[in-house]
Amino acid sequence: MYLAHNASWAVAHLQAVQKYVGWAGIEAVEIGNECDIFFENGIRPPSFNYSDYASQFNMYAAAIRDNTGIPQPLVQGGTFCCSAFNNHIESYIAQYSHWMKTFSYHTYPTSYCRGVAPSVYALLDNRATTYRADFVRAWVQAARQHGLAFAMGETNSCSCGGVAGVSDVMASALWGVDYMFSLAHVNVSKANFHGGPHGPYTPIGYNSNGTPDVRPLYYAMLAFTEATAGGAVIVNTSVTTTNDLIRAW
């Protein structure tokens with residue numbers, strides 16, 4: 001969604017996908033990434049608002065449908081990250097769900113973007129798990145009412161790459177398990193953990209000699225995968241403790 005007034009680049013890209021890759025291997029197509037901060041990062045002028053975005057999203061979706069042969073619907077809508085469009089999410093889902101297969105939101109419980117490192121305690125606090133799930137609960141319900149899956153399209157322990165000593169230690173594994181169960185509890189369908197070859201928060205990194213470096217978050221993902229295999233469901237539990245950070249799933 002880099003161009004404001006025509007979708008030619010996106011159409012050309014998806015025509016190449018259709019020709020050389022095929023749609024069978026494509027889970028969804030996103031129209032833009034974190035468009036709710038386009039007015040901050042120079043992709044759009046400072047006056048860019050939700051109405052501008054909605055009009056351009058609709059134009060892109062129609063151009064993609066009419067010129068690429070994309071199966072309908074295959075758009076992952078939203079991909080918002082911040083607060084500018086939050087008040088419009090439910091109406092956006094209702095108005096444009098016919099284009100969408102899924103709705104996506106990006107969120108991180110802590111941040112290193114301003115150079116202030118969060119602590120392990122902050123990562124293990126309930127505000128980094130159950131609060132984040134509750135934050136998206138209404139949007140998940142809105143998506144499901146319109147037949148859409150809700151995806152946490154980009155997430156991890158700490159935005160802007162993570163923090164050594166927080167995102168790459170055992171605490172991140174404990175956080176990851178609790179976080180994924182918290183998201184599942186409110187019916188989030190999937191979570192995509194942002195990574196890369198070197199950042200502290202990546203599930204699998206690579207050492208300087210090219211050998212894989214399996215990080216704690218990977219084991220959280222493995223534990224959640226094994227715990228939820230075979231049609232497992234979340235059941236109500238109760239824990240008697242004076243420590244609010246103890247959780248049982």
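Over the ring of which residue does the charged end of R132 sit? Select R132 and F135: the charged end of R132 sits over the ring of F135, 4.9 Å from its centre. Here a charge counts as over a ring if NZ of Lys or CZ of Arg is within 6 Å of the ring centre and within 35 degrees of the ring normal.

The model is predicted: local features need pLDDT of at least 70, side-chain atom pairs count only at pLDDT 80 or more, and totals for chains, interfaces and linings use all residues. Residues are numbered from 1 along each chain as its sequence is written, and side-chain values use heavy atoms, with hydrogens and water left out.

Next, select R44 and F48, where the charged end of R44 lies over the F48 ring, 5.7 Å from its centre. F48 also belongs to a cluster linked by ring pairs, whose members include F38, Y53, F57, F80, F85 and Y92. Rings of Phe, Tyr and Trp (its six-membered ring) pair if their centres lie within 6.5 Å; planes under 30 degrees apart are stacked, over 60 edge-to-face and the rest tilted.

Centre the view on F57. Beyond its neighbours within four places in sequence, F57 is in contact (heavy atoms within 4.5 Å) with residues including M1, I31, V75, Y92 and W99.

The whole structure holds 28 aromatic pairs. Among them, F80 and F85 are edge-to-face, 5.4 Å centre to centre with 90 degrees between the planes.
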